[in-house]
Amino acid sequence: MIRLFARSSSDAVSSVVAMTIVLAVLAVALPLAISNFIPCYVKSSEMQRYAEAEDSFLKIAEFYPNSGRLRLRLGEQTPFGFVAATSLKAESSGTVEVNAACDGGNVNFNLQCNISSVKLSMLGRAIPNRTLIFSEGGIVVEQAGTRIVLSEPQIELNHSDDSLTLTIDCLKEERGISGSGSAIVDIAMSMERWEYENCTGYIYVNDSIFQDYWDEAMQSTSGSMNFTNKNVTLIVRWMEVKV
Amino acid sequence: MGVDGVDFKADSKAASEIIGEMLLLVIVVVLAGVLSSNIASLIPNVQDTAYVDMLAVSENGSVNITHVGGEPLNLAEVKLMLDDEVCRFDDTTLDCETSGRLFGNGDDLWEFGERLQINSSVSRISVIYHDQIVCKIFV
């Protein structure tokens, strides 16, 4: 009697079959998804984020040398982790020093300031890291330690026999932002202008990004330029970044 | 007659159970295969496109295209559509009617900072990688 009962009961069979099917499907689908879909999804998300961040960052070149506002897209939290970690930093890329004695030694002036630069760094999981740098009206892209000038800086150093006009971009304060989502970054530019007569002195520039362009403008290879008996006009554009 | 009076020839109940199990197994294997292939096709199609950024400058009757960001491109997989002409790379030179050369470190990759000089004033350039257009340039 017991033997007959055991043979005719098949209640558990459908559960086992169902579980086997589910396991088989999972065993095939999961490796497929992990090996194909997830890396492509992450890469696609990062490409989109890079493009959005770059587009919004490059607007800085449109309103320069005036004040403006950037609506910046930062990194993104996806179901498969954080992608395209993005940070924006306003920092010094070097120094400018102008020192002169004017009007027969009656007036002396000395200006030292940090050259302003704004850096957008994007760290990717699936695509190479990339940094865009805006400084003095020019744009540089940096990848794997190599830099390429995308647009040349607008260095304004004009000198004739008896006059010299110099415009420099100086940073008020270093600032930075990183994280996810969107950020609004205000870039405020304010200008100061000084005029001096009959000046003798020097200009010294140490610019880690556009030193070559300064050297060309100063017709120098040492990063400095001396001047004698010139009327000097000095224009300073102060950059302040508010996040 | 068999052992203890059981007739093996007449009693075939165990055989049908084995056949049943075998049929179930076949059905399970077939269903799992069919479902798996269907699920694979249900996964959203996200194409693996190369990320690359190019900058083109036209001067003196030639066009310079510089790789200014993204992944390095394997030259064997790169095609260029110059106006209506399709070009491939032969080593670091263009293998088509329009002449051109890649200025770089000489390996088989087009990497960040490397420049392709096209000795013709083309106006429409498409960079095709793995049969996908990764960059379209209008000079």
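User: How many residues lie between β5(B) and β6(B) in their hairpin?
Analyst: There are 2 residues between them, and Asp91(B) in that turn has a positive phi of about 60°. This is a predicted model: local features need pLDDT of at least 70, side-chain atom pairs count only at pLDDT 80 or more, and totals for chains, interfaces and linings use all residues. Residues are numbered from 1 along each chain as its sequence is written, while chains are lettered from A and ligands numbered from 1 in the order written.

User: In which sense do β5(B) and β6(B) pair?
Analyst: Strand β6 of chain B, residues 93-94, pairs with β5(B) in the antiparallel sense over 2 bridges. Pairing requires at least two DSSP bridges between the strands. Asp90(B) has Thr93(B) in β6(B) as its bridge partner.

User: And which strand pairs with β5(B) over 4 bridges?
Analyst: That is β4(B), residues 78-82, which is antiparallel to β5(B), residues 85-90. Met81(B) in this pair is bridged to Val86(B) of β5(B). These two strands also form a hairpin, with 2 residues between them, and Asp83(B) in the turn has a positive phi of about 55°.

User: Now chain A. How many helices and strands does it have?
Analyst: Chain A has 4 helices and 13 strands. Both are DSSP runs numbered from the N terminus: helices are H or I with at least four residues, strands E with at least two.

User: What box do its C-alpha atoms fill?
Analyst: Along the principal axes, the C-alpha atoms of chain A fill a box of roughly 125 × 30 × 25 Å. Of the 243 residues in chain A, 28% are buried. Buried means 20 or more other C-beta atoms (placed from the backbone) within 10 Å of the residue's own; 12 or fewer is exposed, and in between is partly exposed.

User: Which residues have the most contacts inside the largest nonpolar core?
Analyst: Leu72(A) and Leu132(A) do, in a core of 46 residues. Strand β4 of chain A, residues 85-102, supplies the largest share of this core, with 6 residues. A second, separate core has 19 residues, including Val78(B), Trp110(B), Leu116(B) and Ile125(B). A nonpolar core joins buried Ala, Val, Leu, Ile, Met, Phe, Trp, Tyr and Cys residues through C-beta atoms within 7 Å.

User: What is Leu72(A) in contact with?
Analyst: Apart from neighbours within four places in sequence, Leu72(A) is in contact with Ala53(A), Ser56(A), Phe57(A), Leu88(A), Ser182(A), Ala183(A) and Val185(A). Contact means C-beta atoms, placed from the backbone, within 7 Å.

User: How many residues of chain B are in contact with chain A?
Analyst: 22 residues of chain B are in contact with 26 residues of chain A. On the chain B side, α1 (13-42) and β2 (62-70) are the elements that give two or more residues. The most come from α1(B), with 9 residues.

User: Where is Leu35(B), and what is it in contact with?
Analyst: Leu35(B) is in helix α1 of chain B. Beyond its neighbours within four places in sequence, Leu35(B) is in contact with Ile21(A) and Val25(A).

User: Why is Leu35(B) classed as partly exposed?
Analyst: Leu35(B) is partly exposed because 16 other C-beta atoms lie within 10 Å.

User: And Tyr213(A), where is that found?
Analyst: Tyr213(A) is found in helix α4 of chain A, residues 211-218. With 19 other C-beta atoms within 10 Å, Tyr213(A) is partly exposed. Leaving aside neighbours within four places in sequence, Tyr213(A) is in contact with Glu152(A), Pro153(A) and Ile155(A). Ser44(A) is 169 residues from Tyr213(A) along the chain, and their C-alpha atoms are separated by 37 Å.

How values were computed:
Two residues are in contact if their C-beta atoms, placed from the backbone, lie within 7 Å.
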